[in-house]
Amino acid sequence: MSPELEKKEEAQAKKLQIEEEKDPGYQSLAEALRISFIILKIGISIVIIYFFLSGLFVVQSDEQAIKLRFGRIVGTKADQIIPAGIHWAWPAPIDEIIKFPVEKTQLIRLSTFWHEPSVADTKEGRVERKGVGMEKGYALTGDLNILHSQWEIRYRISDPVKYLTKMYFETEQELARKNREIQKRRESLFERLRERRKKESGDEHKKKEEDTEFVDRMVERAQKNVDNFVRACICNAILKEIAQVKIKDALSTAKESITVRVESRVKNYFDEIDCGIELKQITLSDITYPPEVKEAFNDVFLAEQQKDTMRKAAQAYETKILSGAEGEKAAIISAAETYKVKVVKSAEADADYIKNLLAKYPNNPEKLKHFLDIHHQEVVQEVLDNAQEKFILPATGKGEKMQLRVQIPRDEQLEREKLKEKF
Amino acid sequence: MRKHLFTVIVAFLIAVVLLLYLFSFQVRVNEKAVVTTFGNPKLSIENPGLYWKWPFPVQKVFKFDSRLRIFECQRVETPTRDQRNIILVTSVGWKIADPLTYLKVVGKESDAEKIINDTVKDCLKVLGRHNLSELISTDVQQLKFDEIENEMLSMASGKTSDRYGISIELLKIKQLALPPEVLEAVFKRMRSERQIEASKLRAEGEGEANKISSAAISKRENMLAEAEADAKRIMGEGDARSAEYYKVFDQNPELAMFLNKLEVLRETLAKRATIVVDLSTMPFDLLKIPEVKKPEETTSK
């Protein structure tokens, strides 16, 4: 084509274009496209900015975090843990941040060996466990007795890397979903149980047990897997330790040693599995004999007390007797002393009397005799005075025999004293 | 061209992302994966990271969490060697070791649990080789609890690892109980054991009390006997000393005798004495009524 023709075509095309562009319809379309393009660009920019911003995350002071890039843990052994603070990482699907509550102590209240379901279980409306073997939990002692115990276990996640790689755990959403599912199933189960109870029969009973057991196990499964791990370890340890002791010791002297040994067993289990969990504390909150034998056990306590009381009473009696004996002993000796003194004194007095008497009338036997006669008279007088009854008999002629009948009166005083002795 | 460059870059990036999404997959650090080609499982991946694949329907990826899971088996009643029935609840820690086999043989997690449950039930046969005293006994020498568990563990893991790709890492007996019929007998025995203990304590109490009180009584008797002996000694001393004084009496025995007689008289007749005397005894001889004579008249001076 000639250059002139080309120029002409170009000019024509341009003319058309300008005319086209002048067309209002075309103009608004172009306008719309332009605007939407701008909006689109803005939108995409926002998305890109948001994308990068979403890589920001905060690690709290009681947490530790691990970064995964394409599924792999980032960093060498030394710096795999991301400390507290604000950090940035590529957002999903490139990087993933997982946080671990490292300082938080997890608490498990174990009522597996207790004769009632725990308060928490009752609150959640668990099926009431009536004693058919397992539902009333217990542990067997070494002498094949039954013992109930309640424990508390405190543990924490100590090594996030090990924990992440070794222990299965669910996310919060998964746990929530599990719980919802269980609620639904439990409700439908209760419905069926209620209906079945209306038409009660023997075989139904067994099936009922299986159902409730199933529900119990489902509830337990909804607990975190790590909880179940800890529970398995501690139940096993408790079982083994109680199976070694006598019930008598378990209820008294061995409580502490049992707890210590359970703790060391559980620590060993944790080390064996090596999944980044640290045991902080195990507490035995309660340990007791079964309610079914309460009376018999209480009687033993009573007997212990009675044994003590008897001993104390005997000791009191001992004290009383011995102190009484001391008194009696003193009295006997004192009486002897008194006698001794009296006897000696009286002998002394008599001797002195005679000595004095003899000294008074040393050379005068007649005067001595006179004195003695007077003394004689005095004594007889006194005797006659004191006599209760006096009988004076006439003198007989010499040679005559006389028969005498005397009525001796009853002695009132003697009678009185004899009566006193009787009572 | 400038303004188109931006959109081109964005479009290119979007395309790249889509391609990556279709042609790659991630295996997380806690996972193992199996890649199936046209439905046939061919490749198993155990290490975490980013991998390439052909998109569905050529290849498909199945991922499994390969970490330790705890499963509590159904409780089972089983006899020991000495014919004692016990009820066991066993907790098992398992994980998917070989995802290829697992995918082929096992379907869902619940199937895996069923398999484990049945395997463990089977392994309880181990208890048939041991006596109850090897699990429960106050004699520590007899206990073989840990060994029995290990026996069960190796038996169970042997059964599941090749056949199902499941590795059982942990087997712990969570609860050990007696059948309900036996329970009442145990309570009865516990009660009678306690009764014996209570009687024993009471008998001991009585015995101790008797011992103490009879010891006290005999001690008292000893004390009194001692005292009596001492008293005798003291009185003897008194008598001996008074005898010294009575030597004086030897000088004048009649006088001493006389005085002594008077004393005896006075003391023995001090109370309740009845005395019979005749009129010749002084002063009763005066009891004769005298004749009163008028005096004779005499001459006056």
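Which helix of chain A does A:Asn225 lie in? I looked it up in this predicted model. A:Asn225 lies in helix H7, which covers residues 225-242 of chain A.

**Entry: A:Asn225**

I then listed its contacts, leaving aside neighbours within four places in sequence. In chain A they are A:Met167, A:Tyr168 and A:Glu170. In chain B they are B:Leu68, B:Arg69 and B:Ile70.

**Entry: nonpolar patch on chain A**

Next I turned to the surface. I found a nonpolar patch with about 930 Å² of accessible area together. Among its residues are A:Phe51, A:Phe52, A:Leu53, A:Trp88 and A:Trp90. Which element gives the most to the patch? H2(A) does, with five residues. Helix H2 (24-53), strand E1 (56-59) and strand E5 (85-88) each supply at least two.

I picked A:Leu53, which is found in helix H2. A:Leu53 has 52% relative accessibility and exposed means over 50%, so A:Leu53 counts as exposed.

**Entry: chain B overall**

I noted six helices and ten strands. Chain B has 301 residues, and 39% of them count as buried. Its accessible surface comes to about 18,200 Å². Carbon and sulfur atoms hold 56% of that surface. I also looked at contacts in chain B with a separation of 6 or more. Residues 24 or more positions apart account for 64% of these.

Technical notes:
Residues numbered from 1 in each chain as written. Chains lettered and ligands numbered in written order. Predicted model: local features only at pLDDT ≥ 70, side-chain atom pairs only at ≥ 80, totals over all residues. Heavy atoms only, no water. Helix = DSSP H or I, 4+ residues; strand = E, 2+ residues; numbered from the N terminus. Buried < 20%, exposed > 50% of the residue type's maximum accessible area, 1.4 Å probe, protein only. Contact = heavy atoms within 4.5 Å. Areas by Shrake-Rupley, 256 points an atom, 1.4 Å probe, with all protein chains shown as cover. Patch = residues over 30% accessible without salt bridge, like charges linked within 9 Å, V, L, I, M, F, W, Y side chains within 5 Å. Salt bridge = Lys/Arg side-chain N within 4 Å of Asp/Glu carboxyl O.
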